[in-house]
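Here is a short report on two elements, one in each of two chains. Look at the structure first, then read on.

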Amino acid sequence: MNDHTPNSLRSWPDARGRFGEFGGRYVAETLMPLILELETAYRAAKADPAFQAELDYYLKHYVGRPSALWHAQRLSEHLGGAKIYFKREELNHTGAHKINNCIGQILLAKRMGKTRIIAETGAGQHGVATATVCALFNLPCTIYMGAVDVERQKPNVFRMKLLGAEVIPVSSGAATLKDAMNDALRDWVANVHDTFYIIGTAAGPHPYPELVRDFQCIIGNEAREQLMEAEGRLPDVAIAAVGGGSNAIGLFHTFLDEASVRLIGVEAAGKGMHTSEHAASLNMGRPGVLHGNRTYLLQDDDGQILEAHSISAGLDYPGIGPEHSWLHDIKRVEYVGITDDEALEAFQLCSRLEGIIPALECAHAIAHLVKLAPTLGKDKLILLNLSGRGDKDIFTVAKHLGTMI
Amino acid sequence: MSRIAGVFAALRQEGRGALIPFVEAYDPDRETSLMLLNGMAENGADIIEIGMPFTDPMADGPTIQAAGRRGLLAGATLKGVLGLVHEFRRQNRHTPLVLMGYLNPICAYGVKAFCEDASAAGVDGLIIVDLPPEEADLVLPDANANGLDIIRLIAPTTCDVRLKQVLEGSSGFVYYVSITGITGTRTASAADLARDIPRIRAATDLPIAVGFGVRTPDQAATVVAHADAAIVASVLIETLCKESPEAVIRDVRALAEGVKAVSKAA
């Protein structure tokens with residue numbers, strides 16, 4: 001349990017794993033003892049300096065942290081407003097923020113004596129990061145991935161296989177991230193004795209949302225320090241894309257109690273928020289229970305889960321981490337939507353102006369930045385989490401631009 | 001006495017165990033479900049479990065997942081499922097009905113309204129797969145107020161300390177998930193049951209039903225030799241797909257004979 005300080009937004013979840021009314025532990029009884037065991041093990045690890053030292057070692061020497069903070073000068077000039085900084089999570093080993101969490105969880109799995117790893121993946125970034133740490137720690141690895149995502153993220157599927165993981169395409173439902181998570185949970189139920197489930201986003205049953213957030217907080221902690229060094233102050237705005245929301249909560253958490261820092265999460269509005277094809281759970285969904293937690297969900301009037309849509313496989317999920325649902329309800333974070341087309345534009349703009357090909361996920365955050373920066377004065381600072389690189393997306397983008405690779 | 005408790009008390013007098021077959025509502029349509037409910041009740045089902053279709057049934061194997069999808073395609077809603085129960089109850093007042101499903105559709109319906117409407121329609125108990133005791137305060141007060149039994153799942157992973165917590169607030173019967181896994185996959189052996197059932201028996205007076213992976217009359221007989229009821233689901237859905245509703249009723253009759261062949265001390 002955290003020390004629960006009522007005047008801090010950083011002390012959640014409570015003892016029941018809740019952020020306000022969100023979060024919790026809505027899982028079948030077979031999994032319940034494991035979830036409790038994981039919580040106990042995580043509390044012990046968190047309090048153990050040796051665990052932190054081991055984590056730091058791998059983050060520094062294997063992941064390559066700290067990641068750079070980049071003043072995006074050409075983009076700032078082009079937009080003609082606020083001064084823009086990128087937190088360069090795409091420079092991490094495996095090309096995204098996902099590895100921060102995977103290193104943390106696999107060290108936890110080792111501590112718990114687990115001998116087999118499973119994970120779900122959407123865009124494949126979390127799958128690649130999980131397969132990578134499994135190779136490093138010599139543990140067998142099974143990755144569940146929606147069959148549609150297997151098709152649109154082929155390079156990452158091949159990477160996972162090269163790293164020695166077994167990739168299982170999931171064809172139930174919409175055959176995307178939600179369905180991959182269902183099958184990963186089914187695998188876990190059937191293999192509780194030896195298997196550790198490395199969840200990739202800050203969602204799922206307690207303690208996952210807390211644990212994943214804690215492992216991702218290094219993003220915001222470093223960026224805060226780096227920005228203090230560069231500018232001597234906090235940012236005015238921090239922006240990140242949200243699918244499940246791990247890169248966003250990793251960036252935001254350190255700033256939650258800093259009232260001067262405006263926080264903006266960017267949801268995938270797909271073909272438009274008012275069409276049926278988007279993944280904007282906070283803007284267009286309502287609270288419900290899925291994948292072990294109470295959170296905002298895209299659902300119909302009967303409580304059946306709707307299929308999400310986004311050009312970005314990593315944002316294509318009908319739910320969101322419970323802490324974001326709570327931050328949305330208390331209005332600490334603004335959540336906006338960016339369409340597929342706007343993200344594609346931003347993807348190209350960032351590539352040409354900064355020489356950085358961003359993942360389609362963070363192209364959503366960049367697209368909102370493009371709208372926001374010109375409205376702010378040159379004395380304002382915007383911090384954007386460039387959470388992943390876009391190499392995996394070039395086939396999708398080429399297709400949308402009518403180019404064959 | 002609740003309808004479920006009444007059935008188990010009568011069976012204890014008779015000295016035999018119960019058969020609980022499963023119907024996924026609206027698979028493949030409403031009419032078939034109603035026909036199966038009536039047919040099962042007339043051919044040896046002591047209690048019937050009705051699956052409420054959900055898009056994301058995380059504890060279910062491929063067979064029940066597919067059945068749920070067919071049910072949703074046929075237009076299943078919770079309102080529709082309660083309507084089905086209501087219609088069944090016009091002809092049958094004695095066979096207990098237990099609804100099995102996931103929490104989100106119930107939340108969307110409204111927990112209080114759902115418990116009231118379910119009770120009015122003639123539902124006797126609820127199995128909510130993703131509602132562990134830790135979160136049960138969401139449903140328990142309304143279920144209790146409306147006389148609905150809350151049937152809890154107990155898994156092989158449920159340790160003795162936890163067992164007490166799971167049993168607290170349980171009523172009707174307890175549902176022993178005899179394997180670690182999803183529905184319709186592996187089957188627990190007689191040795192597994194001989195080891196596991198006494199552990200639960202020691203912790204509760206409630207009847208114990210065993211499900212997940214019970215497929216044949218012989219397996220059902222093995223189950224009731226140790227426990228109080230056998231729950232059979234996936235194999236009946238497979239029969240419905242491959243053959244016909246009549247074939248399902250035929251199999252229920254055979255399963256009931258398997259169960260009745262085992263005589264238990266009164």
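## Strand pairing around S14(A)

In this predicted model, strand S9 of chain A (residues 237–241) pairs with S14(A) in the parallel sense. Three bridges join S9 and S14(A). Ala238(A) stands opposite Leu383(A) of S14(A).

Strand S4 of chain A (residues 83–88) also pairs with S14(A). This pairing is parallel too, over six bridges. Here Tyr85(A) is the residue opposite Leu383(A).

## Burial of S14(A)

S14 of chain A covers residues 381–386, and six of its six residues are buried. The strand is therefore largely enclosed by the rest of the structure.

Both faces are covered. Leu381(A), Leu383(A) and Asn385(A) are buried on one side. Ile382(A), Leu384(A) and Leu386(A) are buried on the other.

## Helix H1 of chain B

H1(B) has twelve residues, 3–14. At 1.5 Å a residue it should span 16 Å. Its end C-alpha atoms are 17 Å apart, which agrees. Gly15(B) follows the helix, with a positive phi near 75°.

## The buried face of H1(B)

Which residues of H1(B) are buried? They are Ile4(B), Val7(B), Phe8(B) and Leu11(B). An α-helix has 3.6 residues a turn, so residues three or four places apart point the same way.

Definitions and conventions. Residues are numbered from 1 along each chain as its sequence is written. Chains are lettered from A and ligands numbered from 1 in the order in which they are written. This is a predicted model: local features need pLDDT of at least 70, side-chain atom pairs count only at pLDDT 80 or more; totals for chains, interfaces and linings use all residues. Side-chain values use heavy atoms; hydrogens and water are left out. Buried means under 20% relative accessible area, exposed over 50%, partly exposed in between (1.4 Å probe, protein chains only). Helices (H or I, at least four residues) and strands (E, at least two) are DSSP runs, numbered from the N terminus. Two strands pair if DSSP finds at least two bridges between them. The expected span of a helix is 1.5 Å times one less than its number of residues.
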